Amino acid sequence: MTAKTNKLNLFDFTMIVVSLVIGMGIFRTPANVAKASPDTFLFFAAWIAGGVVALCGALTYAEIGSRLPVTGGYYKVFSYAYHPSVAFAINCVILVSNAASLAAVALVGGEYITGIFIPLSKDAEWIKVAANANYIQTIHIVIAIAAIIIFYGVNLAGLKMSAKTQNVLTVIKIILILLLITPLFFADNSAVLNQVKAATISPTFREYIKAFGIGLVAVSFTYGGYQQTINFGAEVDKAAKNVPRGIFFGIAIIVTLYLTINYAYIKVIGFDTLHQPETKNIAAIMASKIFGVNAERVLSGFLFLSVLAYVNVLLMSNPRVMYAMSEDNILPPVFKKRNPKTDVLTVSLSVFAAICIIIIFWAKEFDKILSFTIFLDCFGMILSAATIFILRKKTKHLDDTGIYKMKLFPVLPLIFIAAYVFVAISIALEPTKPGETNAAVTGLIVMAVFTGLYFLLAQLKKNKN
């Protein structure tokens, strides 16, 4: 078999880009974007802007991966471009961010599975009363933790069991996405146009920019995943040609799909309803509007199973990241411990699952975890994208060797970095409830703790030697 046949073709790479991005966010975050947006123009502008940022980021990461095709992902890139302390801190932050993403999505599952027994579209008043007493929030937390524990058990049974489970759940998610678009063929076409014309709020320019930033927080969560193209830049056939084309086609498919689904949400549910604070399980509400309460219950069940697919895949993948970090002597050797019968990374899996549960107890609701995980991601996104400026100088000898080299440099990485600086500032300026810590402050504390931990472990290792 030749080297060429081992490489990814254009279609392969395009599908990888699509699969890395499309997850569970689109079933929940449009409600967050609508709450932040004074009108539908800003709502759709945020989704289009998110796609542009994702395109700039994916192209940047693809070149980083082409210039430094190493096993170890982010850690090796950060260590090479900056310092091992930054590499350690950012990789630990990314693990916590992934755990936070899993916790957030598990809470979304709690919201949807609750809808099977108490459909929001029919019992909205009861839900409001119960929510004030924190009953519904407690149910969501219990369900989210139960989902993590169940799939912790599935992953303990071995890779074959978790992989089979993942295949079934992924098929369900694909079916669900198709079902979400079908209401477009049943609803009144004039609904969205009327809502676009009727802007009931006239914010100042400053308020408009602030709303745009808050909306981008949720959009960034939904578009996340393209940064993993860093692992494929050197594995694509005719990289200089197929990498940009694959990323452009992949992001175009994602943006088209996201805009279509959001158009369906507004067309069926209505922007005013989507804008309401109590509106959460939007996909199930949309099904109820078209097909009735029973359809809402069925779709809520499908959505919960889709949530489980995300929970399962993160429980599968992140312990392996911890294993790789342990192999590089970043984490203690205990994280390499495997079960002799099932070959499962028991310690890594248990620690990661425990972090997810702790985050659920700390945050208790999706919106708080959303801001926290995106603020953590901002560190990784900004610092990792900035390595392209260092790598271009250190690996200049690779320029004419057939690697992928982006056009419009340095405009694309600068747009990407500026966008995430803007998102981080938007999170830092978000108002908090009395007694709560701002998500940005918590993120800075986490970053400082991991940086300090690196130097502590380094000193202990030095003393031991």
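Of the 465 residues of the protein, 52% count as buried, where buried means under 20% relative accessible area, exposed over 50%, and partly exposed in between (1.4 Å probe, protein chains only). The model is predicted: local features need pLDDT of at least 70, side-chain atom pairs count only at pLDDT 80 or more, and totals for chains, interfaces and linings use all residues. Residues are numbered from 1 along each chain as its sequence is written, and side-chain values use heavy atoms, with hydrogens and water left out.

The fold comprises 18 helices and 0 strands (DSSP runs numbered from the N terminus; helices are H or I of at least four residues, strands E of at least two). Among contacts with a separation of 6 or more, 82% join residues 24 or more positions apart (contact: heavy atoms within 4.5 Å).

Mean pLDDT is 80, and 85% of the residues reach 70 or more (pLDDT is the predictor's confidence in each residue, from 0 to 100). Where pLDDT is low, the predicted coordinates should not be read in detail.

The structure holds 7 salt bridges (a side-chain nitrogen of Lys or Arg within 4 Å of a carboxyl oxygen of Asp or Glu). Aspartate 367 pairs with arginine 28, with the closest N and O atoms 3.7 Å apart. Aspartate 367 lies in helix α16 (residues 366-394) and arginine 28 in the loop between α1 (10-21) and α2 (29-36), so the bridge ties together parts 339 residues apart in sequence. Arginine 28 is buried at 2% relative accessibility; aspartate 367 is partly exposed at 32%.

A salt bridge also joins arginine 392 and glutamate 63 (2.7 Å, N to O). This pair links helix α16 to helix α3 (residues 40-67), across 329 residues. Both partners are buried: arginine 392 at 15% and glutamate 63 at 0%. Glu63 and Arg392 belong to a salt-bridge network with Arg67, Asp399 and Lys405.

The protein exposes about 20800 Å², of which carbon and sulfur atoms supply 66% (Shrake-Rupley method, 1.4 Å probe; for residues, only the protein chains shown count as cover). Leu453, Leu456, Leu457 and Leu460 form a nonpolar surface patch with about 320 Å² of accessible area together. Patches take residues with over 30% relative accessible area and no salt bridge, joining like charges within 9 Å and nonpolar side chains (Val, Leu, Ile, Met, Phe, Trp, Tyr) within 5 Å. Leucine 456 sits in helix α18 (residues 439-464) and is partly exposed at 47%.
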